[in-house]
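This briefing covers side-chain packing in one protein chain. Please view the sequence and the structure together while reading.

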Amino acid sequence: MTTRIAVVVGNPSPNSRTRQVAEDLAAKIAEVTGSEIDETIELAEVTDQIFEWKSDRLNTLTERLATADFAVIATPTYKASYTGLLKSFLDRYDAGGLHGLTAIPVFTIGSPAHTLAVETTLRPLLVELGASVPTKGLAFPTAEFDDRASVLDEWVESQKAYLPQR
């Protein structure tokens, strides 16, 4: 049985560095786990519907995340936390609504001062929603964007023991 990785990007700007980091990380995780990667859920594409509770499009996106085996949940750091766009999307789930999902929280950070934000803000939210978060969150320094392959390789190597192997 093939496992599936969902990628959710909470950057209000489409096609951002945050998205590229998230997709590159998902590809590296797929190499370790043998998972297939879903089409990225780019929340910048649904900002006009984020508060429409009866949105068929958002219902489809929330279902895709809830039924995935793994998820890379990525956001830029805004005011030492995740974006309101990501929070609004995740608010669509009840407590426990992501039960069975293994989530990997990712922040793109502009300053080392924000390194802990991924652990102190997004991890607790994902756990509240029922996701398992066995790895360290990734605080990806945007200054290292051009060297992201080696940064991501280092993170995956350090967290590989917490990911199911092929």
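The model is predicted. Its largest nonpolar core has 32 residues, and a second, separate core has 23 residues.

**Nonpolar cores**
- Within the largest core, the residues with the most contacts are L65, F89, L90 and L122.
- Two or more residues of this core come from each of β1, α2, β4, α3, β5 (102-109) and α4 (117-128).
- Helix α4 gives the largest share, 5 residues.
- Beyond its neighbours within four places in sequence, L122 is in contact with I73, T75, Y82, L86, L90, P105, V106, F107 and A117.
- Among the members of the second core are A26, V32, V72 and I104.

**Helix α2**
- The buried residues of α2 (residues 56-66) are L58, L61, T62 and L65.
- These four lie on the same side of α2, because they cover an arc of only 95° around the axis.
- The cover over these buried residues includes β1 (4-9), β3 (41-42), β4 (70-76) and α3 (84-90).

**Aromatic side chains**
- The whole structure contains 1 aromatic pair.
- F89 and Y93 form this pair in an edge-to-face arrangement, with 6.1 Å centre to centre and 85° between the planes.
- F89 is buried, since its relative accessible area is 0%.
- Y93 is also buried, with a relative accessible area of 9%.
- R148 lies over the face of F145, at 4.2 Å from the ring centre.

Definitions and conventions. Residues are numbered from 1 along each chain as its sequence is written. This is a predicted model: local features need pLDDT of at least 70, side-chain atom pairs count only at pLDDT 80 or more; totals for chains, interfaces and linings use all residues. Side-chain values use heavy atoms; hydrogens and water are left out. Rings of Phe, Tyr and Trp (its six-membered ring) pair if their centres lie within 6.5 Å; planes under 30 degrees apart count as stacked, over 60 as edge-to-face and the rest as tilted. Buried means under 20% relative accessible area, exposed over 50%, partly exposed in between (1.4 Å probe, protein chains only). A charge sits over a ring if NZ of Lys or CZ of Arg is within 6 Å of the ring centre and within 35 degrees of the ring normal. The arc is that of the directions from the helix axis to the C-beta atoms. Contact means heavy atoms within 4.5 Å. A nonpolar core is a set of buried Ala, Val, Leu, Ile, Met, Phe, Trp, Tyr and Cys residues joined through side-chain atoms within 4.5 Å.
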